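Student: Could you take a close look at one part for me, the salt bridges, and then walk outwards to what surrounds them? I would like the cut-offs as you go.

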Amino acid sequence: MRKLRIASIVVASFVGLCFAMPAAAQHVGILQSAETNDEGTFKLMGAPMMVFGKDGADDEFGFGARGGYGFTERFDVEAKVGFFENSTFAGVDGEYWILQGQEKDIGLDFSITGGVHVTFARNENFDTVGFEITPQISGNVTKNLELCGALDVSLVSVQDAPPDFDDTFTRAHLVPGFEYRLSDALDLVGEIGIGLNDNAFTYASAGIAYYIR
């Protein structure tokens, strides 16, 4: 009887953790090029997102928003939030522009972004805390169109997970995208995040970025 009770607890804990891990919404995407915001420039952005479920999980629709500021010509900081059916996401990251094209809007750009985020879960899922690192490249193919590519890796810790279970995991996405200049103050941005491991869900997102110079 004791063994049966222990087995039941283990199975229940495992099932609970499985439901927690595949919660579809996991972040609000990258949605930027490898160029940082100009020094002294504020950025506001909003973008709907569709996260595609797998392994029996439903698709999930949500909305992400960002606000950022360029502290130097090579470094900016952005705060970000996301609202989804099963969770609310909040985070902050900093981007450093390592390689710049020889002239503005010409050549290849490379940057590294690092940040932290918290996901507040609903519907019996678990909260998570994560650290992200994102190397990114981009380059203009026309004066207004810039193509982007990134590898987004998140190291995630599950909060209040059942004992004796691994409460950390990694999510990895390959993220092709674009940024199209509509005007000096407006950009259209879009991307597809391709999940590279079991814990990463493929998503698609597009939105508008507004710059206050």
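Tutor: Let's begin with Asp38, which is partly exposed at a relative accessible area of 28%. (Buried stands for under 20% relative accessible area and exposed for over 50%, with partly exposed in between, using a 1.4 Å probe and protein chains only.) The model is predicted, so local features need pLDDT of at least 70 and side-chain atom pairs count only at pLDDT 80 or more, while totals for chains, interfaces and linings use all residues. Residues are numbered from 1 along each chain as its sequence is written, and side-chain values use heavy atoms, leaving out hydrogens and water.

The partner of Asp38 is Arg213, and their side chains meet in a salt bridge with 3.1 Å from N to O. The pair ties together distant parts of the chain, 175 residues apart: Asp38 lies in the loop between helix H1 (2-20) and strand S1 (42-51), and Arg213 in the segment after strand S10 (203-212). (Helices are DSSP runs of H or I with at least four residues, strands are runs of E with at least two, and both are numbered from the N terminus.) Arg213 itself counts as exposed, at 59% relative accessibility. The search of the whole structure finds 6 salt bridges, where the term covers a side-chain nitrogen of Lys or Arg within 4 Å of a carboxyl oxygen of Asp or Glu.

Now for some buried charges. Glu78 forms a salt bridge with Lys43, and their closest N and O atoms are 3.1 Å apart. This pair too links distant parts of the chain, with Glu78 in strand S3 (residues 75-84) and Lys43 in strand S1, 35 residues apart. Glu78 is buried, having a relative accessible area of 0%, and Lys43 is buried as well, at 3%.

Lys80 is buried with a relative accessible area of 5%, and Asp93 is buried with 6%.

Neighbours within four places in sequence aside, Gly91 is in contact with Glu78, Ala79, Lys80, Val116 and His117, contact being heavy atoms within 4.5 Å. Its C-alpha atom is separated by 6.4 Å from that of Val81, 10 residues apart along the chain.

Strand S4 (residues 87-99) pairs with strand S5 (residues 108-121) in the antiparallel sense over 12 bridges, and two strands are said to pair if DSSP finds at least two bridges between them. Within that pairing, Ala90 stands opposite Val118 in S5. S5 in turn pairs with strand S6 (residues 128-140), again antiparallel and over 12 bridges, and there His117 stands opposite Gly130 in S6.

One last stop is Leu31, in the loop between H1 and S1. Its phi is near 50 degrees, a positive value in a residue other than glycine, and Leu31 counts as buried at 3% relative accessibility.
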